[in-house]
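Here are my notebook entries from an afternoon of looking things up. Follow along with the coordinates open if you like.

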Amino acid sequence: MFPFSRDDEDTFKILIATDIHLGYLEKDAIRGNDTYTTLDEILQCAKQNEVDFILLGGDLFHDNKPSRQCLHKCLTMLRKYCMGDSPVRFEILSDQKVNFNTTQFPWVNYQDENLNISIPVFSIHGNHDDPTGAEGLCALDLLSASGLVNHFGHSHSVEKIEISPILIQKGITKLALYGLGSIPDERLYRMFVNKQVSMLRPKEDQDGWFNLFTIHQNRSKHGPTNYIPEQFLDDFLDLVVWGHEHECLIKPTLNEQQLFYVSQPGSSVATSLSPGEATKKKIGLLRVKGRKMKLQEIPLKTVRQFFIEDVVLADHQDCFTPDTPHVTKKVEDYCFAKVTEMLDEAERERLGCRLTPEKPLIRLRVDYSGGFEAFNTSRFSQKFVDRVANPKDIIHFIRRREQKEIKDESSIDYGKLFKPTAVEGLRVEDLVKQYFEAAEQKVQLSLLTEQGMGKAIQEFVDKDEKEAIEELITYQLQKTQLHLQSRGVTTEQDIDAEVRLFKDSKKNTAEEEKDIQEAMNRAKAHRLERGDGDFADQDVSDVNMDSDEGSVPVAAPTRGRGRGSRGRGGRGRGRGATASEPKPAGRGRSQKSSTTSQSRSIFQAFQASSQKPSRTRATKSYTDEVIIDDSDEDIPVTKAARPPPKPSSSSSSSFSKYGSQSQSQSRGIAFEDSDDDEDDPFKAPTRR
């Protein structure tokens, strides 16, 4: 037991919420006030718990241009709960002109002599209420100019991002609050890979600060670069509050690679009828003292209930089949019974909670694959008009595509999968991605990543780089062997597990891009050593690409991929070319390629790479010093000792700059689950 109480002069109390989406369906007769009611509950909870400040993770508003009614209700509630005579017990130490750079009043609102703020609100913008227009203003800037919200985390540059923290101190506890408003995921992903994102840290007493980061991006992978991997974030962070994802996963989870905790509060209102929205909505009360923290989960009582269930008609052969007489009527009756069961469950849960809205949201997803037919959903919905909040979209019919299971890699016909036919708009990378999607469960590469294999095959097909695949495999094999030797792994089972971890740790990182580029450079260097240079390596500015007449007095090239015979002037739009001028062969990709090399399959490339002997060359050491603690004792998580960062110049004399995935000094952060010992969150000492 620690000698201090839960809420003393050294303990920060922070209310955390994200994705409130004010104004969502505000014109709906039933659900129009849901978002306003929930925001009122959140602000009331903050006032009752006497928090130091409120932290919002983006998407306060649902629309980029909120209605006057929405703005009026928001301003009214913020003035009602956040203004008052209660003193603010923390101070800001950083340069506020840098922290709050979107307003003409660049200081925190509670220090404004014309305002009387009792609960400051700090918020980043989301993708729904993001800045637009030539001035780069958003709805949060209106609240900031009125003195009710402190808008931070707005990056004005699209080429380089420097995240400067708000340095806050309360007693002996020092908090560094970082924030980054929503940026298109593809652009931010590219900036992380190119090391164009840096986070500033105080130069003095870096290990004495609790580092809290708020971000509003895709956390789950929606595409190759349409998300932000957690390993992109700097490892000196202690807690990341992740907005934008609506599924409530508020309990902090430890990232095993970067050794920081991630909390995903989720939305406070269901904006789509999907399974992720069906989890119980919660907000968090974060307590921070020194380097220790605890997050208390607070369920929201005013959120409308949402129940979702899936029904696969083909799984109920005992009740009906596609050949059963009046099967459509029987399926409709079965769905009616299911919806009634969900309504009864909602009624039981609502007993004793008068704040919960009366009508729940109900969604029944019906898979009618296998010959069944859909019934009339409009007529079905009329039966529940007075009992549900969404009568128009209770039933959602889906039909799943049949997928053939791939049993083993030897049965895959690579010739069919990568057949050399020209498909409009289809790239080699798409074919590679389709292969990995089809072989996701049982057939996966152990050494190479999807991105690396796609790049190697693209070089092989587009540029006739015959050794691209072989060189990538050789390069990754050498690097993996060095990694295994450095870790001292001996057993076969441990080797498989370690190889998997090593490959996953490099996915979508700058290191992966560097490895791929190095392998491609090696393949090109070997080709040049043999004197097998091709027309593609020449300077295209020295070649006339406009004329489609004349011929080249060299061996006739093959057509390749169907793009090498006409060039750019194939339709007679040349710039003064005469008949005597030589005719270039398209873009010069097939000058020295033979017909056999052009028609070889991807599988043959793998076979050729396994038959050729490996080249003897000096190999770099890619191993890093890693300290592993195999102790099983139940003690606070402590970050492994890492070498200190190299000193670098900074835009501010009080900060040191850290790039993405930077190395930090040894440090530790203690976290305790809110489910145990509600009276004392600070039980475990910090271990170094």
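**Entry 1: a buried arginine and its partner**

I started with R291, which is buried at a relative accessible area of 9%; for me, buried means under 20% relative accessible area, exposed means over 50%, and partly exposed lies in between (1.4 Å probe, protein chains only). Before going on, I noted that this is a predicted model, where local features need pLDDT of at least 70, side-chain atom pairs count only at pLDDT 80 or more, and totals for chains, interfaces and linings use all residues. I also noted that residues are numbered from 1 along each chain as its sequence is written, and that side-chain values use heavy atoms, with hydrogens and water left out.

Which side chain does R291 meet in a salt bridge? I found D238, at 3.0 Å from N to O. I count a salt bridge when a side-chain nitrogen of Lys or Arg is within 4 Å of a carboxyl oxygen of Asp or Glu. D238 sits in the loop between strand 10 and strand 11 (239-243), and R291 in the loop between strand 14 (282-289) and strand 15 (292-299), so the pair ties together parts 53 residues apart in sequence. Helices (H or I, at least four residues) and strands (E, at least two) are DSSP runs, numbered from the N terminus. D238 is buried too, with a relative accessible area of 0%.

**Entry 2: other salt bridges**

How many salt bridges does a search of the whole structure find? I got 17. Among them is the one between K338 and E309, at 3.1 Å from N to O. K338 belongs to helix 6 (residues 327-350) and E309 to strand 16 (residues 306-312), 29 residues apart, so I logged the pair as linking distant parts of the chain. K338 is buried at 16% relative accessible area, while E309 is partly exposed at 26%. I also noted a network: E332, R379 and K383 are joined by salt bridges that share partners.

D205 and K174 form another salt bridge, 2.7 Å from N to O. This pair again links distant parts of the chain, 31 residues apart: D205 is in the loop between strand 9 (197-202) and strand 10 (209-216), and K174 is in strand 8 (residues 173-180). Is each end buried or exposed? D205 is partly exposed at 44% relative accessibility, and K174 is buried at 17%.

**Entry 3: the annotated histidine**

The UniProt record (an unreviewed entry) places the feature "active site" at H128. I kept in mind that UniProt positions are given in the numbering used here, feature names are shortened, and annotations may be inferred rather than shown by experiment. H128 is in the loop between strand 4 (121-123) and helix 4 (139-145), and is partly exposed at 27% relative accessible area.

What does H128 touch? Leaving out residues up to four places away in sequence, I listed H21, D59, F61, H62, D63 and N64; contact here means heavy atoms within 4.5 Å.

**Entry 4: the core**

F61 turned up again in the largest nonpolar core, a set of 35 residues in which L22, I54, L60, F61 and L78 touch the most other members. Such a core is a set of buried Ala, Val, Leu, Ile, Met, Phe, Trp, Tyr and Cys residues joined through side-chain atoms within 4.5 Å. Helix 2 gives the most to this core, with 7 residues. In soluble globular proteins, nonpolar side chains tend to be buried together.

Beyond its neighbours within four places in sequence, F61 has contacts that include H21, L22, C70, L71, H128 and L143.

**Entry 5: helix 1**

Helix 1 has 15 residues and spans 21 Å from its first C-alpha to its last, close to the 21 Å expected; the expected span is 1.5 Å times one less than the number of residues. Its buried residues include Y36, L39, I42 and L43. Strand 1, strand 2 and helix 2 are among the elements that cover the buried residues of helix 1. Just after helix 1, E50 takes a positive phi of about 50 degrees.

Strand 12 runs antiparallel to strand 13 (residues 261-264), joined by 3 bridges, and L254 stands opposite Y261.

Terms used. Two strands pair if DSSP finds at least two bridges between them.
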